[in-house]
Amino acid sequence: MADPVDSMLDLIRRLPPSRVEENVNALVRICPDYADDLLGSVDQPLKVMTDRGTGKDYLACDYNRDGDSYRSPWSNEYDPPLEDGTTPSPKLRKLEIAANEAFDTYREMYYEGGVSSVYLWELEDGGFAGVVLLKKAMNPSSADEPLSGSWDSIHVFETAERGRQAHYKLTSTVMLQLVTRHSEKVEDSQAQGVGGQEKKAYDQGWNSTGEVNLSGSLTRQMEQDWPLQDSASHITNTGKMIEDMEIKMRNVLQEVYFGKTRDIVYDLRSVDDLEKTRKQRALQKELVGFIKH
């Protein structure tokens, strides 16, 4: 008999990526005994929460979750409150605070907004591990804005110190969702007599003419050795690795995935007049014939 967790993961891979959170919650309700295994194996869009003590936003995921509570990187407190929640040692907590400040600057430079969070924890064999979370969402403020979406980055790393060097293993996942809507203004006479799901759009004076939803995730891994001068070097080293990884993954998304999508769409449907295209091709053949002769 197949392992239930493997079966659920196999099912998640076949369902729409844009509804991964809804699908995971449904599976957890069906098989609550495997909730921790499933939540720890499936990357979901990051949730934005607000620290009650500092008023700062932070990101919630499985790495700062204990039961139904999430730990804030700013106050080190759980929400909802948890008396015996897991927290890093004082030494590691000091490094965690510095890392949050550093990546908050990184977020502002590269994302110009959004939310970032860093969480660290000790490993059983010595050393420590951590996760760097970055999220930026773009929500339309009015019906005539055609684009909405979100970018979620999850960078999980493990560190093993070896004398004056440290070995890092980084696993990065980017989840991207883009929704484009094309609408056109409609006249009052056209809006009369329209009902159902289109009525709301007509009531606002807009007629939806199309929607494209591009969503998915990309995961990459890398391992590197970096010199280690003090504990603060961990922030510099992981920062360089994450910066390089995000640039590479963004280029892959832009050049490969979006490029292939654009090529497929242009092959399926031409935006130019077909008769005009035929005339241009005929003219090109005629010119080529003149050049050969």
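At what angle do helix H1 (residues 4–14) and helix H2 (residues 20–30) pack, and how far apart are their axes?

Analyst: Happy to! This is a predicted model, in which local features need pLDDT of at least 70, side-chain atom pairs count only at pLDDT 80 or more, and totals for chains, interfaces and linings use all residues. Residues are numbered from 1 along each chain as its sequence is written, and side-chain values use heavy atoms, with hydrogens and water left out.

H1 and H2 pack at about 155°, and their axes lie 10 Å apart. Helices here are DSSP runs of H or I with at least four residues, numbered from the N terminus; axes are lines fitted to C-alpha atoms over the stretch in contact, with angles running from 0 to 180 degrees between N-to-C directions. The angle therefore makes H1 roughly antiparallel to H2, a label for angles over 145 degrees. H1 passes H2 in a right-handed crossing, meaning that the near helix is turned clockwise from the far one by less than a right angle.

As for the residues involved, H1 brings Met8, Leu11 and Ile12, which meet Val20, Asn23, Val24 and Leu27 of H2; contact means heavy atoms within 4.5 Å. By class, six of these residues are nonpolar, one is polar and none is charged. Ala, Val, Leu, Ile, Met, Phe, Trp, Tyr, Cys and Pro count as nonpolar, Asp, Glu, Lys and Arg as charged, and the others, Gly among them, as polar.

For context, the chain has eight helices, and 34% of its 293 residues count as buried, that is, under 20% relative accessible area with a 1.4 Å probe, protein chains only.

Notes. Helix = DSSP H or I, 4+ residues; strand = E, 2+ residues; numbered from the N terminus. Buried < 20%, exposed > 50% of the residue type's maximum accessible area, 1.4 Å probe, protein only. Parallel < 35°, antiparallel > 145°, perpendicular 65-115°, else oblique.
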